[in-house]
Amino acid sequence: MDPYLNHSGKMENMASLNSANSALHFETEPNYGNRISTNGTLGMTQTVQPDIQKTRKISEPGPTSVDPNGFLVVDNVTKVYPTAKGPFVVLDGINLTINEGEFICLIGHSGCGKTTLLNMVSGFNTPSTGQVRLQGQPITKPGPDRMVVFQNYALLPWMTVTDNVYLAVDSVYPDKPEVEKREIVREHLAMVGLTEAADKKITQISGGMKQRVSIARALSIRPKLLILDEPFGALDAITKEELQEELLKIWSDHRCTVLMITHDIDEALFLADRLVMMTNGPSAKIGEVMTIHFPRPRDRARIMEDPEYYDLRNYALDFLYNRFAHDDDE
Amino acid sequence: MVANAGTRTSGTNFSESLRSFWKKNGENIVLPIIGILGFLVIWQFASMAQLTKLPPPTSLWTDKQTQELLLYPFMDRGGLDKGLFWQTWESLKRVALGYTAAAIVGIGLGILVGTQPKVNKALDPLFQFLRMIAPLAWVPITLIALPNVQTAAIFVIFITSVWPILINTTVGVQQIPQDYKNVARVLQISPTKYFFKILIPSALPYIFTGLRIAIGLAWLAIIAAEIVMSGVVGIGFFIWSAYQNNYVSEVLLAVVYIGAVGLLLDRFMAFLQHKILPTDSRS
Ligand SMILES: Nc1ncnc2c1ncn2[C@@H]1O[C@H](COP(=O)(O)OP(=O)(O)OP(=O)(O)O)[C@@H](O)[C@H]1O
Ligand SMILES: [Mg+2]
């Protein structure tokens, strides 16, 4: 029960901060080095804080070229689906370079093509033109080096928690001795806090636990790139925050590269090094890429006390709801 | 239970639990009995009032020959003159053979058709056509096509019960969620492992549904199958010869046996289904 109290405490904290003038909190907060502050809620006009020497842009336009030596390179990718009414261009000229060890979040309105882009990285789908390369190798089909955490967990319900993870380990390392494989499974279940539930059937555990199993399974095979399609969308706020923190901790221990879709700006600001914001489809592009400089390890409460947090947040909100508002908004 | 824990003795505990059992299941026991008795009484009066030529249910007892059959199911005077237990037993053996063949062919072919869309396109119309043919209609065909009556009888049972297994297995394999296939693809799971760890468990609820429908059909086909064989020990041929000899109450008794065995077979499959499938993955 205690952690829940903690969380709700934090959330209250956030709510009060949200409405308060950030200047009030300015003196109490740690100095993160360069910081820009913005006037106005939309963050369109930037003014430099007198004591800060260097200005930094909040966000940059989507790249028009890639670094050929990048870890993961999405090189001028276009995806066109042939439909009855003629070709339907989902993605149009996507360029993105991701460095090794980076945590990238992808945000954009429903239907703009985020999953389509992710599927071309995981290899479930192929670009119509252009290429996706991991460490210089063109991606042609799915593989365990780019493990996916599926949106609806995709666990096998007739197996136990342990067996689900074991199936992955056993498929990827068929030649390792059984004891070693068992140990990998045990270790990764412990990592996501599921030691107790190891022998339960998937049908007997909660949604949050399922997502934990899915993350444990994904990490147990040591992927170079971890791909998550809106992993916490179906979870309640508290479980979601817990899992975000766990994911962050695991990521910093494992040092894998993460590419994750989210609909939640706060989630992206807490987790990501960079936030890729997509324009609306059809013919969606990368509108802008926001760099998130909060120091790591990140602490949710401390980030939220940072006025830059609201600048970034407002900027992203403005991007999504003013500059690229959805035509048929809910 | 907790309320009277102080005064509880083993005796009151027993009558207590009996009472709570009765409270929970009483209706489930009493109402079916009322239904069955009502049916028998109406039948009895209908026969006595000469509304039907069918003898009343009491004829099972009043008819001398039938009474003997009723009392001595295990008698064996050699040849065809055997008690109804042995007649049923022989029929069950035939059904077991035909049904096993149907299960093997149905599941095997179902998996093939379910995983290969081209094979499905080629064979589906043929299957849809063949499965509409009633068991009795197969009799003359099998008698001509197959070398002896033994195989012909088994074949009739096989061909009657194979369709639900085949069709349900096909659907079960086709319905494997894309998510599971995606997991298999990203992990690059070997085909054998995919077959045993994903395909079979995922399709199993459908396969069981097919098997359960099929056991009923296989048993239904026994009459047709044994008419084909003619002159063998078996409940189907027993009915046929009783009818030929106009022993109507013997027919009735045999029908009761057939119904009861069919019910038991279905319950048995339901039990297996329950045992093997986890409760929540049953379709
Ligand atoms: N096989 C297909 N054929 C034609 N159009 C498709 C196909 N798959 C996806 N689309 C279209 O591509 C667009 C992008 O779909 P995608 O699933 O990538 O969106 P998304 O950004 O992931 O949305 P969401 O946030 O709702 O998951 C949608 O308009 C969709 O209708
Ligand atoms: Mg999507």
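This is a predicted model: local features need pLDDT of at least 70, side-chain atom pairs count only at pLDDT 80 or more; totals for chains, interfaces and linings use all residues.

Residues are numbered from 1 along each chain as its sequence is written, chains are lettered from A and ligands numbered from 1 in the order in which they are written, and side-chain values use heavy atoms, with hydrogens and water left out.

**Exercise 1. The sheet of chain A**

Task: Find the order of the strands in the open sheet of chain A, and name its edge strands.

Solution: Start with two terms. Strands are DSSP runs of E with at least two residues, and helices are runs of H or I with at least four, numbered from the N terminus. Two strands pair if DSSP finds at least two bridges between them.

Step 1: The 7 strands come in the order β3-β13-β12-β6-β11-β10-β9 (chain A), with mixed pairing.

Step 2: At the edges are β3 (59–61) and β9 (146–149) of chain A, each pairing on one side only.

Step 3: On average, neighbouring strands of this sheet are turned by 20 degrees against each other, direction ignored. Here axes are lines fitted to C-alpha atoms, for helices over the stretch in contact, and angles run from 0 to 180 degrees between N-to-C directions.

**Exercise 2. Partners and burial**

Solution: Take the pairs in turn.

Step 1: β6 (residues 103–107) and β11 (residues 257–261) of chain A are parallel, with 4 bridges; A:I104 faces A:L259 there. β10(A) also runs parallel to β11(A), over 5 bridges, and A:L226 has A:V258 as its bridge partner.

Step 2: β12(A) is joined to β6(A) by 4 parallel bridges, with A:L275 as the partner of A:C105.

Step 3: Buried means under 20% relative accessible area, exposed over 50%, and partly exposed in between (1.4 Å probe, protein chains only). Because 5 of the 5 residues of β12(A) are buried, this strand is largely enclosed by the rest of the structure.

Step 4: In a regular strand the side chains alternate between the two faces of the sheet. In β12(A), A:R274, A:V276 and A:M278 lie on one side and A:L275 and A:M277 on the other.

**Exercise 3. The length of a helix**

Task: Check the span of helix α6 (residues 237–254) of chain A.

Solution: The expected span is 1.5 Å times one less than the number of residues.

Step 1: Look just past the helix: A:R255 has a positive phi of about 55 degrees.

**Exercise 4. The outline of chain B**

Task: Compare the radius of gyration of chain B with that of a compact globule.

Solution: The radius is taken over C-alpha atoms, and the globule rule is 2.2 Å times the number of residues to the power 0.38.

Step 1: For 283 residues a compact globule would come near 19 Å, but chain B has 25 Å.

Step 2: Its C-alpha trace spans about 75 × 70 × 35 Å along the principal axes.

Step 3: Chain B has 12 helices and 0 strands. An automatic or database assignment divides chain B into domain 1 (2–57) and domain 2 (68–282), and the C-alpha centres of these domains of chain B lie 33 Å apart.
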